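Please read the points below beside the model.

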Amino acid sequence: MRVAILTGGGDCPGLNAVIRAVTKSLIRHGNAEVLGIADGFEGLMGENPRVKPLTWDEVSGILHQGGTILGTSNSANPLRDAATLEQTGKNIQALGLDVVVAIGGDGTMSLAHGLAQVGLQCVGVPKTIDNDIANCERSFGFDTAVATVTEGLRRIESTAMSHHRVMIVETMGRHAGWLALEAGIAGAADIILLPEIDYDLQAVIDVCRAREERQRYTIICIGEGAKESGASQTVRERVENSPDPVRLGGVGHVLRERLQPHLKSEVRTTVLGHVQRGGDPTPFDRVLATRFGHHAAQLVMRGQFGRMVTLQGGEITSVEISQVANVQRTIALDHSLLVMARDIGISLGERLPP
């Protein structure tokens with residue numbers, strides 16, 4: 001069996017742990033030849049596909065490393081036109097691939113599902129720091145990102161306290177606020193603003209004013225996809241020919257401009273950006289990524305293609321990739337974490353009844 005592995009979308013702590021587990025499991029128990037595809041689906045799209053052998057030694061010593069040894073791309077789209085799709089199909093046949101293990105988020109799963117039309121068999125592995133993949137309780141990389149944002153909030157708090165400021169920390173999370181929510185709770189944010197709940201500006205102002213009289217500083221954790229009631233999401237740029245062309249960012253600065261005229265405190269914004277993606281994975285993510293990779297290899301050896309590894313009820317299992325493609329897991333408005341946050345006095349930017 002000839003198996004290829006690719007990493008698509010944004011980079012994420014734990015990718016190398018998956019590559020290691022898939023490769024070693026297939027070499028040891030599947031008698032398989034394993035290839036690595038360079039830069040996600042981009043490595044399959046050109047006239048000369050870019051692949052390299054993945055041997056036991058090649059994937060040894062990479063468990064703890066952040067990023068991906070294969071490289072990745074969040075703009076490669078083999079489905080963008082008929083010619084690109086045809087070339088990708090020819091490359092798959094020329095390489096003699098039996099199956100590709102595609103590691104990525106909902107966009108990568110959508111592309112993997114779409115490439116079935118040119119005969120590509122896929123097994124998916126969920127990856128995202130946003131934790132927004134459908135039918136998956138927790139994806140690897142999320143725990144590391146939460147830890148990174150939490151540390152950032154703690155550092156921001158010390159300067160906010162010293163200067164008596166309102167400090168806004170913007171996290172990633174376009175349509176799902178899991179990262180802002182869990183890191184905001186762990187980092188003792190006073191206000192957490194999420195894409196799922198449009199915030200009321202006056203409600204945010206009221207909390208900041210109340211804290212000006214008591215603690216004299218306020219920490220606001222805001223997901224990049226959050227927006228004021230009646231407004232639109234803050235779009236940083238658009239990337240043409242990308243499967244997901246809209247790039248969000250800058251909502252923290254928008255909120256600062258809206259807040260400052262109403263407060264005595266100075267308002268500052270910190271956008272954490274790609275620091276959330278970087279660094280070595282936490283032990284939790286190393287273990288979860290290894291479990292995912294091992295199960296993906298088992299699906300390959302059983303011939304159970306067209307499925308994505310997932311975590312449900314604390315157990316590793318799998319679902320049809322078609323159930324994940326173009327679907328995102330957002331925070332339900334009655335989620336227990338939201339209930340808890342409100343109960344302990346964290347504002348979610350909602351106007352509360354008198």
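This is a predicted model: local features need pLDDT of at least 70, side-chain atom pairs count only at pLDDT 80 or more; totals for chains, interfaces and linings use all residues.

1. Four strands form an open sheet in the order β7-β8-β6-β11, and their pairing is parallel. The edge positions belong to β7 and β11 (267–271); each has a single partner strand, so one side of each is left without a neighbour in the sheet. On average, and with direction ignored, neighbouring strands of this sheet are turned by 20° against each other.

2. Partners of β8. Strand β6 (residues 166–171) pairs with β8 in the parallel sense, over six bridges. Within this pairing, V169 is placed opposite C221 of β8. Strand β7 (residues 191–193) also runs parallel to β8 and is joined to β8 by three bridges. Here L193 is the residue opposite I222 of β8.

3. Burial of β8. How many of the six residues of strand β8 are buried? Six of the six residues in β8 (residues 218–223) are buried, so the strand is largely enclosed by the rest of the structure. T218, I220 and I222 point one way from the strand, while I219, C221 and G223 point the other way; all are buried.

4. Helix α7 (residues 201–213) forms a right-handed β-α-β unit together with β7 and β8. Helix α6 (residues 178–186) lies across β6, β7 and β8, and runs at about 170° to β7.

5. The aromatic pair. A pair of aromatic rings is described by the distance of the centres and the angle of the planes. One such pair is found when the whole structure is searched. Its members are F140 and F292, with ring centres 6.4 Å apart and planes at 70°; the pair is therefore edge-to-face, as the angle is over 60 degrees. F140 belongs to the loop between β5 (122–126) and α5 (142–163), and F292 to helix α9 (residues 283–302), so the pair ties together parts that are 152 residues apart in sequence. Are these two residues, F140 and F292, buried or exposed? Both F140 and F292 are buried.

6. Charges over rings. Two arginine side chains deserve a separate entry. The charged end of R329 is located over the ring of W178, 4.1 Å from the ring's centre. R211 lies over the face of Y217, at 5.1 Å from the centre of that ring.

Technical notes
Residues are numbered from 1 along each chain as its sequence is written. Side-chain values use heavy atoms; hydrogens and water are left out. Rings of Phe, Tyr and Trp (its six-membered ring) pair if their centres lie within 6.5 Å; planes under 30 degrees apart count as stacked, over 60 as edge-to-face and the rest as tilted. Helices (H or I, at least four residues) and strands (E, at least two) are DSSP runs, numbered from the N terminus. Buried means under 20% relative accessible area, exposed over 50%, partly exposed in between (1.4 Å probe, protein chains only). A charge sits over a ring if NZ of Lys or CZ of Arg is within 6 Å of the ring centre and within 35 degrees of the ring normal. Two strands pair if DSSP finds at least two bridges between them. A crossover is right-handed if, with the strands pointing away from the viewer, the path from the first strand over the helix to the second runs clockwise. Axes are lines fitted to C-alpha atoms, for helices over the stretch in contact, and angles run from 0 to 180 degrees between N-to-C directions. Contact means heavy atoms within 4.5 Å.
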